[in-house]
Amino acid sequence: VDSVHYDYPSYTGIPDKTVKGTGDLQAVEGTTVTIHATANQPIDTAVMEMDADPRQGLRMSVDGKQATVRFRLSMSADDPGRPKHTSYQIRFRDPYGHENRRPIRHRIDVIPDRPPEIRFVNPPPKEVQVPENGALPLKIEARDPDFGLRRVLLKAEREGRSLPIPW
């Protein structure tokens with residue numbers, strides 16, 4: 001692996017960057033990663049195998065001795081606290097069908113993007129009666145523990161129908 005380019009999600013405010021000299025990956029989930037790799041001879045095909053499993057391979061684009069692949073870092077659908085993949089290796093095949101027998105295994109570390117938190121500061125009682133043209137003041141606190149919030153939208157419904165909320 002020659003270099004890794006990270007395209008971070010725009011909402012994070014983290015500037016995109018390119019890292020050289022390591023194939024290990026570390027970034028927040030949702031980051032798009034582009035891996036540039038070079039072999040010591042012409043490449044016929046190249047595959048990035050996730051978790052050393054050939055069945056979980058991503059075909060790489062090939063140009064001479066160079067191969068490139070682009071993918072998005074994500075968390076596991078079964079366990080959102082764990083990355084979808086924890087490692088990868090690149091398998092090259094030359095025009096004669098020979099493969100690299102012991103590809104280097106690289107680590108994948110995905111940093112979870114924690115969800116925003118919202119809560120009532122002084123929660124209203126479970127049931128409240130408000131006159132037709134009355135008001136129910138609500139104090140809400142919202143925060144995003146890792147990247148911040150751009151806006152908060154409050155929605156009200158009654159019997160499945162939206163209610164207008166004056167500001």
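Predicted model: local features only at pLDDT ≥ 70, side-chain atom pairs only at ≥ 80, totals over all residues.
Leaving aside its neighbours within four places in sequence, which residues is Ile35 in contact with?

The protein chain averages a pLDDT of 92, and 99% of the residues score at least 70. Select residues 3-7, strand β1, where confidence is highest at a mean of 98. Then jump to residues 156-158: that's strand β13, where confidence is lowest, with a mean of 82.

Back to β1, this time for its sheet. Show the 5 strands of this open sheet and follow them in the order β2-β1-β4-β8-β7; the pairing is antiparallel. At the edges sit β2 (17-20) and β7 (61-63), each pairing on one side only. Look across the strands and you'll see a twist averaging 20 degrees from one to the next.

Zoom in on β1 and β2, which are joined by 4 bridges and run antiparallel. Pick His5 here: standing opposite in β2 is Thr18.

Now for the inside. The largest nonpolar core has 25 residues, and Leu25 and Ile35 have the most contacts inside it. To see who contributes, select β1, β3 (25-28), β4 (32-38), β5 (45-50), β8 (66-72), β9 (87-93) and β10 (105-111): these elements give two or more residues to the core.

Last stop, Ile35. With neighbours within four places in sequence left aside, Ile35 is in contact with Val1, Ser3, Val4, Leu25, Met48, Met60, Ala67, Thr68, Val69, Phe71, Tyr88 and Ile90.

Methods
Residues numbered from 1 in each chain as written. Heavy atoms only, no water. pLDDT = per-residue confidence, 0-100. Pairing = 2+ DSSP bridges. Axes fitted to C-alpha atoms, helices over the stretch in contact; angles between N-to-C directions. Core = buried A, V, L, I, M, F, W, Y, C linked by side-chain atoms within 4.5 Å. Buried < 20%, exposed > 50% of the residue type's maximum accessible area, 1.4 Å probe, protein only. Contact = heavy atoms within 4.5 Å.
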